Amino acid sequence: MSAVPDPKRSLRGNRAGMAEALVQSAQREFPQAEAAQPRVAVLVPCFNEEAAVATVVADFRKFLPSAEIFVYDNNSSDRTAAVARDAGAKVRSERRQGKGHVVRRMFADIDADIYVLVDGDATYDASSAPRMIEALLSDRLDMVVGHRVDQAAAAYRRGHRTGNWMLTRFLSSVFGQAFTDILSGYRVFSRRFVKSFPVLSDGFEIETELSVHALELALPVAELTTPYFARPEGSFSKLNTWRDGFRILATILKLYRSEKPLRFFTAIGTFLMLVSIGLAIPVIATYLEQGIVPRLPTAVLSMGLMILAVLSVSSGLVLDTVTRGRREMKLLAYLSQPAGNSN
C-alpha cells in the first residue's frame, strides 16, 4: 500500500527549493557586493572668514571629492556665508556666538561615518586629510589630531604656543599621557566619538574638551603631523593672547576640579590644615605652660580652618564618586554607538 503524500510538506519543500534557487541565482549574478564607502563630512566653523573660506572649501573638495562640506556661519558680519555657498559648500548658521556652540550644533545635525573638523582660516593642510582618515580607519581609532608644524614664522604666535605648552603639560600630569598639540583645530573623528560626546564648552576651549573626553575614557587616538600655514592676506585671527591665555588658565583649574576632584579638594584641605596647625601651635604651647588661652580669637580661627579642611576633603571624596559615575555614563553612551570602522 503506497503512502499518501502530505500536501503541506510538499508545499514547504517547493518553497525551500525556490528560495535556494533564488539565492544561488543572486550569488551567480552578484558574486561579491562592493563594500559601501564611508560617508565623510567636513565641518568648517566660520566667523568672518570671507578671505579664506573659499580656499578651504576648494582644497577639501580637491582632496576629498566624495565628502560633503558643511560651513557653519557664526554671525559673520562679512560675506562668509555667500562666499562659502558660491564655492560649493552647504551653508548653515548658528546664532549663539562661540566655537563651542557651533561644534555642538554640527555634531548634532550632521550624520556621517567620518567627521573632519577644520577651521575656516586656510591655515590647515587639506592634503593631510586622506592620510588622517586612513589612519582612523586602518588603526580603528576614534580621533586623529593634526599636530601643527609651522610653515611660516608668523603662523603660530608665541603667546598661543606658550598656552598650548602649559595646557599640554597639565593634561600630561593629570592623565599620564597627552597630545603634543592639544589646541589643534584640525581633527578627524569616528561617528562613535561624535555622537557620544557631550559638548559643554562655549568658545575655543572646545579643543581642550575634545582631548580630555578622549583621555578620560581612554579612547584610541593618534596624532599625525600636518603643515600649518599663515593666514591669507585679508584674514585676521579672532584670538587674543592675554584674554585667551587667562581663559586657558581658567580651563586648567576647571578641568582639574571636575576630572580630579579628590586631588583638587585634598590639596585645598591640606593647605587649610597646615595653616590651622601653624596657628594652633603657639596657643597650645601657651596653654601647656601657663594653663590659659590668652589668644582666644586665634584658637577659634584655627579650629574653623581645621573644620574647613575636613569639609574640603570630604567634598572631594563625594565628588570623586560622582565623577566616577559620570565617567561610566559617558563610556556607556560611547559603547551604545555602533563601531563604524570595524571592518
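**The nonpolar patch**

Reply: Helix H10 gives the most to the nonpolar patch, namely 3 residues. The model is a predicted one, in which local features need pLDDT of at least 70 and side-chain atom pairs count only at pLDDT 80 or more, while totals for chains, interfaces and linings use all residues. Residues are numbered from 1 along each chain as its sequence is written, and side-chain values use heavy atoms, leaving out hydrogens and water.

The patch lies on the surface and is formed by Ile284, Tyr287, Leu288, Val293, Leu296 and Val300. A patch of this kind joins nonpolar side chains (Val, Leu, Ile, Met, Phe, Trp, Tyr) within 5 Å, from residues with over 30% relative accessible area and no salt bridge (a side-chain nitrogen of Lys or Arg within 4 Å of a carboxyl oxygen of Asp or Glu). Together, the six named residues, Ile284 to Val300, have about 620 Å² of accessible area (Shrake-Rupley method, 1.4 Å probe, with only the protein chains shown as cover).

Two or more residues of the patch come from each of helix H10 (261–290) and helix H11 (296–335); helices are DSSP runs of H or I with at least four residues, numbered from the N terminus. Leu296 has its place in helix H11.

Definitions and conventions: Patches are made of residues with over 30% relative accessible area and no salt bridge: like charges are joined within 9 Å, nonpolar side chains (Val, Leu, Ile, Met, Phe, Trp, Tyr) within 5 Å.
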